[in-house]
Amino acid sequence: MAWRCTGKTNVELINNMASSRIIKADAVRKAMAKVDRANYVVHKAFAYEDSPQVIGHGATISAPHMHAYAAEHLLPYIHPGSSILDVGSGSGYLAAVLYHLASSKETKGKVIGIEHIPELTEWSEENLRNDGLAYALETKDIQIITGDGRLGYERAGPYDAIHVGAAAPTLPEKLVEQLASPGRMFIPIGTHFQKIFHVDKDEHGKVTKTEIMDVRYVPLTDREAQEE
């Protein structure tokens, strides 16, 4: 079970998620092993707990098992050189995982993280540098943008995969428009009751929405509402 995946180290945490079959793909396991969660949390002593943690400004870093689920569900649409959008990128943790998933020795992926709290944008860039990804920031293979994630980031689209890290009351059409054909979005939708959905766009542009699981996320909102 997800809540039993806590480890004493990053390796143990990932191994526990693999033993629980939350992580199934070797590519996801390898990508997550390259990203040390201790570089992306406020309280280092609890870095490898399988639980969400507060990171300030009304934001949280999701539980590791939810990041693993997101990576697994988006993996069929990620390949070396993929373009990926991470909405509500927060600490920068999943942006790092997605970058590793989309990169090979020969071909680097492109990941745009969008976060509406400027202080979190700056902090996440610091986290990425501490985790050995300064080069990806310098080459702009990873970019963390301050902006309204509900509007996406059209300039760098379309995106092979879009992850949304907060619950939207309804499906944001701007994000659907920025999804590549084919492409997949992993997004929590709802207010009091929330569910993860796949939003898939096929090669002809047809959009299909599939319910995946019940979840509980912070709302996808603006800065003022988030910091109240």
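Helix H2 (residues 26-33) packs against helix H4 (residues 93-101) at an angle of about 130 degrees, their axes 8 Å apart. Axes here are lines fitted to C-alpha atoms, for helices over the stretch in contact, and angles run from 0 to 180 degrees between N-to-C directions. Helices (H or I, at least four residues) and strands (E, at least two) are DSSP runs, numbered from the N terminus.

This is a predicted model, where local features need pLDDT of at least 70 and side-chain atom pairs count only at pLDDT 80 or more, while totals for chains, interfaces and linings use all residues. Residues are numbered from 1 along each chain as its sequence is written, and side-chain values use heavy atoms, leaving out hydrogens and water.

**Exercise 1.** Work out which residues of H2 and H4 meet.

*Step 1.* On the H2 side, take Ala27, Val28, Ala31 and Met32.

*Step 2.* Their partners in H4 are Tyr93, Val97, His100 and Leu101 (contact means heavy atoms within 4.5 Å).

*Step 3.* Sort them by class: seven are nonpolar, one is polar and none is charged. Ala, Val, Leu, Ile, Met, Phe, Trp, Tyr, Cys and Pro count as nonpolar, Asp, Glu, Lys and Arg as charged, and the others, Gly among them, as polar.

**Exercise 2.** Trace the order of the strands in the open sheet.

*Step 1.* Seven strands line up as E5-E4-E3-E6-E7-E8-E9, with mixed pairing; two strands pair if DSSP finds at least two bridges between them.

*Step 2.* Find the edges: E5 (142-146) and E9 (207-215) each pair on one side only.

*Step 3.* Zoom in on E3 (residues 83-87) and E4 (residues 110-115), which run parallel and are joined by five bridges. Here valine 87 stands opposite isoleucine 114 in E4.
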